[in-house]
Amino acid sequence: MLKGNFFRGLGYLGEGFRLIRLPGLRLFVIIPLVLNILLFGVMFYFMAELFSVLIAGAMAWLPDWAWLQALDWLFWLLYGVVILLMLAYGFVIVANLIGSPFYGYLAELTEKHLTGQEVNPDEGWAALLKDTPRILWREVQKIAYYLPRALGLFIIGLIPVVNLVAALLWFLFNSWMMALQYVDYPADNHKVSFARLRRDLAAQRLSALGFGLPVALAAMVPVLNLVVVPAAVCGATAYWVRENTSNQQ
C-alpha cells in the first residue's frame, strides 16, 4: 500500500518559491540562473547557425521556384518549436550539472533557515569548492539511474497496445525522478547514500510523487523552468525537514 500524503507533497514547490525570495538565499539562486541563461543562449546561437546551414543545403536541392524557396520561414518556425521542446525537456539535466555545487549549498542555507541548526560547520566558498567533485559524481549517479529506466519506457512505448499506458508511466516516472533529483541535495548534505535515499522516498511514495508532479510540469514550461530549479531545491529541503527527519539522525 502506498504511504505518504500526496496533497501535502504538492505544497512543497510553492513553499520553495517563497523561500528563494529570502535575502540570504538569493545569491545562490542568481549565480546558477545567470550561468544557465548564458549557456543556453550560446547553445541556441550555435544551433541556429548550424540550422541555417542545413536549411540552405535543403533549399538548394529544391526546384528554383520562388514560392517554394520562400518556404524557408516554415523551416525556421519548425526549428523554433523543436528548440523550445529540447530546452524544456533537457533543461533540468543540464541545469543541475552546472548548478549542482550551488544547489547543495542552497539546500544547506535553506535547512538552516527552516531548523535554525547548522548542517555543516564548514561553510563558505572553500567548502563549496571542496565538495564540488563529490556533488558532481552524485549527479552522474542520478543520470545513470535515469537512463536505463527511460530506455525501458521508450521500448514499452514502441509495443502496440502496451504503449497505451506508456504516457502515464512516463509521467509518473518523471514525477518520481524530480523528487529523487531534488531531495537528493539535502540528503547528500547529510551524507545519506543515493541507495538509501531511494528507499526513504519509496517509503513515503505518495508524498514524493506529490512533490515531484508540479516540478515535472513546471520544468516543461519555457522561462518558468529557469526559476523552478532553485525553487525545487528549497522545496525539496522543506520536504526533507518535514517528511524525512529520520534521515538526519
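Tyr-12, Phe-211 and Tyr-239 form one aromatic cluster. The model is predicted. Phe-211 touches both partners, as Tyr-12 and Tyr-239 are on its contact list. Beyond its neighbours within four places in sequence, Phe-211 also contacts Gly-9, Leu-10 and Leu-13. Further contacts of Phe-211 are Met-178, Ala-179, Tyr-182 and Val-183. Ala-232, Gly-235 and Ala-236 complete the list.

**The core**

The largest nonpolar core has 48 residues, and Tyr-182 and Phe-211 have the most contacts inside it. Helices H1 (6-19), H2 (23-61), H4 (72-115), H5 (125-156), H6 (166-189), H7 (194-203), H8 (205-218) and H9 each supply at least two residues of this core. H9 gives the largest share, 11 residues. In soluble globular proteins, nonpolar side chains tend to be buried together.

**Aromatic pairs**

The structure holds 8 aromatic pairs. Two of them are set out here.

| Pair | Geometry | Centre to centre | Angle between planes |
|---|---|---|---|
| Tyr-146 and Phe-173 | stacked | 5.5 Å | 15 degrees |
| Tyr-182 and Tyr-185 | tilted | 6.3 Å | 40 degrees |

The pair of Tyr-146 and Phe-173 links distant parts of the chain. Tyr-146 sits in helix H5 and Phe-173 in helix H6, 27 residues apart. Phe-173 counts as buried because its relative accessible area is 11%, under the 20% cut-off.

How far apart are Tyr-182 and Tyr-185 in helix H6? They are 3 residues apart, so about one helical turn separates them. Tyr-182 is buried, with a relative accessible area of 0%. Tyr-185 is buried too, at 3%.

**The surface**

Which residues make the nonpolar surface patch of about 430 Å²? Phe-171, Leu-217, Met-220, Val-221, Leu-224 and Val-227 do. Val-227 lies in helix H9, residues 224-243. H9 is also the helix with the largest share of the core. Val-227 has 31% relative accessibility, so this residue counts as partly exposed.

Lys-191 is found in the loop between H6 and H7. Its phi is near 60 degrees, a positive value in a residue other than glycine. Most residues other than glycine have a negative phi. Is Lys-191 buried or exposed? Lys-191 counts as exposed because its relative accessibility is 54%, over the 50% cut-off.

How values were computed. Residues numbered from 1 in each chain as written. Predicted model: local features only at pLDDT ≥ 70, side-chain atom pairs only at ≥ 80, totals over all residues. Heavy atoms only, no water. Patch = residues over 30% accessible without salt bridge, like charges linked within 9 Å, V, L, I, M, F, W, Y side chains within 5 Å. Areas by Shrake-Rupley, 256 points an atom, 1.4 Å probe, with all protein chains shown as cover. Salt bridge = Lys/Arg side-chain N within 4 Å of Asp/Glu carboxyl O. Helix = DSSP H or I, 4+ residues; strand = E, 2+ residues; numbered from the N terminus. Buried < 20%, exposed > 50% of the residue type's maximum accessible area, 1.4 Å probe, protein only. Core = buried A, V, L, I, M, F, W, Y, C linked by side-chain atoms within 4.5 Å. Contact = heavy atoms within 4.5 Å. Phe/Tyr/Trp six-rings, centres within 6.5 Å; stacked < 30°, edge-to-face > 60°.
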